[in-house]
Amino acid sequence: MMDMIKWRARLTSPPGPLSRGEGEPNASIVELSPSPAERGPGGEVTPRRLATLVALLLLSSCSGLKYVPEGQRLYTGSKVIIKSPEKNKNQSALQAELESVLRPKPNGAILGQRPKLYFWHLGQGKTKGLGKFMADKFGEAPVLLKNVKISATSGLITNRLYNNGFFKAVVTNEVVTQERTAQVNYTANTGKVYTIKEINFPVGDTLINAAVRATQAGTLLQVGEPYNLNTFTAERVRIDNVLKNEGYFYFSPQYLLFQVDSTLNHQANVYVRVKPTTPAKASRPYWLNQVSLNTSYILTDTVTRQPVLYKKYRYFPDEKVFKAKAITNATFLYPDSLFRRRRRDQTISRLMSLNTFKFVEIRLKPSAAGDSAGRARLDVDVLMTQLKKKSLRADLQLVQKSNGFTGPGLTVSFRNRSALRGGEQLLLNAVASTETQTGSGSGALGLTSYELGLNGQLLFPRLVVPKLPLLNPRLPNSDFQPRTTLGAGVRAVTRASYFTQYFFNLNYGYTFKTKITNEQEVRPIDITYVSFTPTPVFDALLRERPFLRSAFQQQFILASAYRYTYNQQVLEQRRQQIYFSGQVEGSGNLAQGLVSSSGGTKNANGRYTIAGQEYSQYLKLDLELREYYRLSQNPAKGNRIVARLQAGVGLPYGNSNVLPYPKQYGIGGPNSIRAFAARGIGPGTYRPVSNQENINSFYDQVGDIRLEGNLEYRQDLVPYLKGAVFVDAGNIWLANDDPSRPGGKFSAGTFLSQLAVGAGVGLRVDVQFFVIRFDYAFPLQAPYGTPESSAGRFNLAIGYPF
């Protein structure tokens, strides 16, 4: 039991006039002493209790007032009181803006104590030693009332009120003093806010006036809204953006002027004007003249090669690496076209998306060539610095999979960045690994897996599709390069003492983005064939479990899939970020139609076959939703609340009564419900009981339906170290009843009571380019009720769980 110390306080009156410490008022003396019961043998105070006494004495002096110089007062902060004759629409935002100008920041205090002042005092008059170290490390000089520039702060508050349309605001101040402290209060008498009555864009027939006037439809200024300087600033930027896309290369927001007539009764007329001092070159649109493309630019490049003309481009050839068409397809700056800044930015983004260039720079300069139409022109140089065309790398890594297998792996990768001289990426990977099951049921521990594989991908930087009336394969309105992927691979997996599988895969699909947050993937062809050879031990297990046998037999998968991803994490300044991913996948429908129409017959199992092999038929839907909420306005702060919800359902039908084994769900483990082992939950209320069931739990505890939710609070601790507190819940179920796994079928009336729940804490070493994660979790509820064991589970993983 923890040793408890009771302290008693005694107030004593001084026998005569009390000698004050510097700056301290007369007062009764508070004595803190241990009662006789708290003393050690013989009445002495033990070292531990003496340390406690010293700590309390230090705390009693941490108000910091004794360190305030004689005749000065400690500044304890300010507040702004807003007084308005009417209710303001954005009162809280106005309050925050006015308080943001308050200076200086007072000394930090906790329950009235200011320990930083005590540590600062330890270093006074010292140039070295422990006191100096403590002062530098933990101290803070007292902030005094004399440091507060009251008049200047009042002016800043008045300025902010003017910026928000309170043109008749009056700010007063009051200094509230106590014996050794002072607070400054500011009162803002706002008066009525001025609202916009009329908005007038430039008149006149000059090119620039007409161009600014043409932007009026999208104006941010609205009649009846309060005057707000931030809105006017944003309006200038908006108009400039529009003009930059209409050829006004040299225009700038600083050339716009807003004239505000505030002589009306709390209303203002706004006049948008182009400054008369605007340079002539900023008042006219520019057209592109020559567009030069240099695909092998270096800083010392003098371009001694002769260009060739290709589709009006001046192309400096590097035909060993690129065909001209590959570059012009990613270039959206066209000779003899109007300059548009969006097309310039789009060209940089598209060329960098090819993943063949280290740098891309676009230089524009006035053209010396004349224009018979009298138009101003620009010459464009697109300068591209190449990455190495071919590369070879080897990675030795610790593989940790969601199914609990852990072990060393070696991956050797070859990349050709322009395999067909059109920016096509050829990637070849050879993989070898050995893994041991460390996270499933107790009987499955030690299950060993060996894997060898070879796979390749050819990525085309365009959509390889037939020309269709409503589809432009270049996606000219997207800033991101679309891709066509052709992939193939073979992989051999051996589960010691159980089986050997050979996976053959062929896939073809498209990936494209319409915005930075949106990505879509279409895979019309995703074929997987698995050759399966069980050992006698595993074959006996399959005979006992018909559902498991069907899952392993039906591994000829003729699938197609569509995935949509919406990801706000790329918008780093957002305080709240949403991530959503949805995928729908279907298999066997085309095969079923072909076999049925051709009069195919069923085999002894009642299944149709292709080349003697049963094929799977199913529909599968997966949804994932995450929310990241940062507690601080500062994007650099990592304190946040993160939530994730995952739902998935796979429905076998037609030629299948169970999902193929690679498509089934498992739950639990380092990236799932961390209080339970990988694949250590479900399906439903099923749990392995016998020793044989424990041994086979890795294969049994999978299902067709998944529901999982996670909630985690992440906190910055010290640089590169973060803490976390989390709770996880979820389970999996079967779509059809399996007698060998009682309680596994999904039921709408009981599934919520069958969720496994766990909670825990974690530490994460985050050095930006990699994260090592340590999580310790306890089971709170099992699908079948009270967990068999309340012991915690330690998880070591790479990266965040979500």
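## A surface patch and an open sheet

Strand 30 contributes the most residues to the nonpolar patch, namely 3. The structure is a predicted model, and this patch covers about 890 Å² of its surface, being made by L717, V718, V725, V761, L763, F774, Y776, F778, F794 and L796. Among these residues, V725 has its place in strand 28, which spans residues 721–733. The strands in the table each supply at least two residues of the patch.

| Strand | Residues |
|---|---|
| Strand 27 | 705–718 |
| Strand 29 | 756–766 |
| Strand 30 | 771–781 |
| Strand 31 | 793–798 |

Elsewhere in the chain, 5 strands form an open sheet with mixed pairing, in the order 10-11-9-13-12. Its edge strands, which each pair on one side only, are strand 10 (308–310) and strand 12 (357–366). Neighbouring strands of this sheet are turned against each other by 25° on average, with direction ignored. Within the sheet, strand 9 (residues 286–294) pairs with strand 13 (residues 376–386) in the parallel sense over 7 bridges, and V380 in strand 13 is the bridge partner of V291. Helix 9, made of residues 341–353, lies across strand 12 and strand 13, and runs at about 160° to strand 12.

As for confidence, the protein chain has a mean pLDDT of 85, and 88% of its residues reach 70 or more. Over residues 1–45, however, the pLDDT is below 50, and this stretch has 54 contacts in the model beyond near neighbours in sequence. The pLDDT also stays under 50 over residues 439–446, where the model has 23 contacts beyond four places in sequence.

Conventions
Residues numbered from 1 in each chain as written. Predicted model: local features only at pLDDT ≥ 70, side-chain atom pairs only at ≥ 80, totals over all residues. Heavy atoms only, no water. Patch = residues over 30% accessible without salt bridge, like charges linked within 9 Å, V, L, I, M, F, W, Y side chains within 5 Å. Areas by Shrake-Rupley, 256 points an atom, 1.4 Å probe, with all protein chains shown as cover. Salt bridge = Lys/Arg side-chain N within 4 Å of Asp/Glu carboxyl O. Helix = DSSP H or I, 4+ residues; strand = E, 2+ residues; numbered from the N terminus. pLDDT = per-residue confidence, 0-100. Contact = heavy atoms within 4.5 Å. Pairing = 2+ DSSP bridges. Axes fitted to C-alpha atoms, helices over the stretch in contact; angles between N-to-C directions.
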